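User: I am new to this structure and would be grateful for a close look at its pockets. Please describe them in one connected account.

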Amino acid sequence: MRPLIASIDLSALRHNYSLAKRCAPGRRAFAVVKANAYGHGASAAVECLSDIADGFAVASLEEAEQVRAVAAGARLLLLEGCFEPDEYVRAAELGLDVAVQGEAQAIALLESSIIQPMNVWMKLDSGMHRLGFSAAALREWHARLNDAPQVAELNLMSHFACADERGHPLNEAQLEQFVGLLDLDFAHRSFANSAAVLTLSAAHMDWLRPGIMLYGASPFAELSAAALGLKPVMTLTAAIIAVRDVAAGESVGYGAGWVAQRSSRIATVSCGYADGYPRTAPPGTCVVIQGRRVPLAGRVSMDMLAVDITDLPQAALGDEVELWGAQVPVDELAQACGTIGYELLTKVTQRVPRRYIGG
């Protein structure tokens, strides 16, 4: 078996969800498990959290069906709503809470033939300008949806554009837009994503929506997950599958861009960009072997990468290599690659086996 595995620490997942709840005492929280629980495995994540989570949130009907198969009675929010009019029937059968983010979705809901009314979350475009009603349109549609037979609860939600930038003026402007609609009758309200859960208490409405923080990565560029009290959930490990000596002046990898400046010892590691390790990782990016950081040498290829172990002479064939985890935070690697931890976690491909521990 190819030596590459993503170890998922379920006890860390539970810790991070509980931390989200402690940030906002008395509030409830949808655990966001879209995108296969950010690459960690939705079914396992839902089963792990089912006894402590107030609800779950997903992006599509297909994801909702997967969650429902594990958590038959859980409250389950469809964050982007229904994409086709006939999806409302299936959403009602699954007992979903459904976002309605514009006039077309509202019309489709009112024209649907669902028998069981659904909990509806009207989405306000408070400033991100991606999805949602304007404040004026939301007021107009609130009156129509509030009396509709298809609607059980009518709720309000919105989404921050810059909550990961503390003190950004748009955060306050978006809150003002949201609060300006609270004279309307809503059963529940939700605004706070992970960044707002952690640092913006004014956004702690009835329901939180923690996502990336559940998986032990930070939503902030300047605050580490450890500083926030989060525990990494995924550890991606591979192994040394070959070792060779390279003379000074010789190159390593595609494009021959990395050239040994001294007589070097190079280890080939069983992970590449087809597994989800970023091809954009520059030479010098660190992995950990035997508790020591060693740098990448050359380009990441499809199935392998190379590291310079010259300064770790005891490293040997078969040694475990941590690509990210407790010793190399995924956010650190992401910053080196000019991206965010969200992307790296969700791009771990299906050919990487997940091993669940701590459950």
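**The pockets of the model**

In this predicted model, the second largest pocket holds about 280 Å³ of space. Its lining consists of 24 residues, and those nearest its centre are Gly216, Ala225, Pro329, Val330 and Asp331. Helix 10 supplies the largest share of this lining, with four residues. By class, the lining of the second largest pocket comprises 16 nonpolar, five polar and three charged residues. Domain 1 (10–217) and domain 2 (234–357) each contribute at least three residues to the lining of the second largest pocket.

The largest pocket has a volume of about 850 Å³. Two or more of its lining residues come from each of helix 2 (34–38), helix 9 (194–199), helix 10 (330–336) and helix 11 (341–346). In total, 35 residues line the largest pocket, and Lys34, Tyr38, His159, Asn193 and Tyr342 lie nearest its centre. The lining of the largest pocket is made up of 19 nonpolar, nine polar and seven charged residues. Because domain 1 (10–217) and domain 2 (234–357) both give residues to this lining, the largest pocket lies between them.

Arg130 sits in the loop between strand 6 (118–123) and helix 7 (135–146). With a relative accessible area of 53%, against a cut-off of over 50%, Arg130 is therefore exposed. An unreviewed UniProt entry lists Arg130 and Met302 under "binding site".

Conventions:
Residues are numbered from 1 along each chain as its sequence is written. This is a predicted model: local features need pLDDT of at least 70, side-chain atom pairs count only at pLDDT 80 or more; totals for chains, interfaces and linings use all residues. Side-chain values use heavy atoms; hydrogens and water are left out. UniProt positions are given in the numbering used here, feature names are shortened, and annotations may be inferred rather than shown by experiment. Buried means under 20% relative accessible area, exposed over 50%, partly exposed in between (1.4 Å probe, protein chains only). On a 1 Å grid over the protein atoms alone, a cavity is a set of points where a 1.4 Å probe fits but cannot get out, and a pocket is an open set with protein on both sides within 12 Å along at least five of seven lines; lining residues have an atom within 4 Å of a point. Grid points are joined across faces, edges and corners, and a volume is the space filled by probe spheres set on the points. Ala, Val, Leu, Ile, Met, Phe, Trp, Tyr, Cys and Pro count as nonpolar, Asp, Glu, Lys and Arg as charged, and the others, Gly among them, as polar. Domain bounds come from an automatic or database domain assignment.
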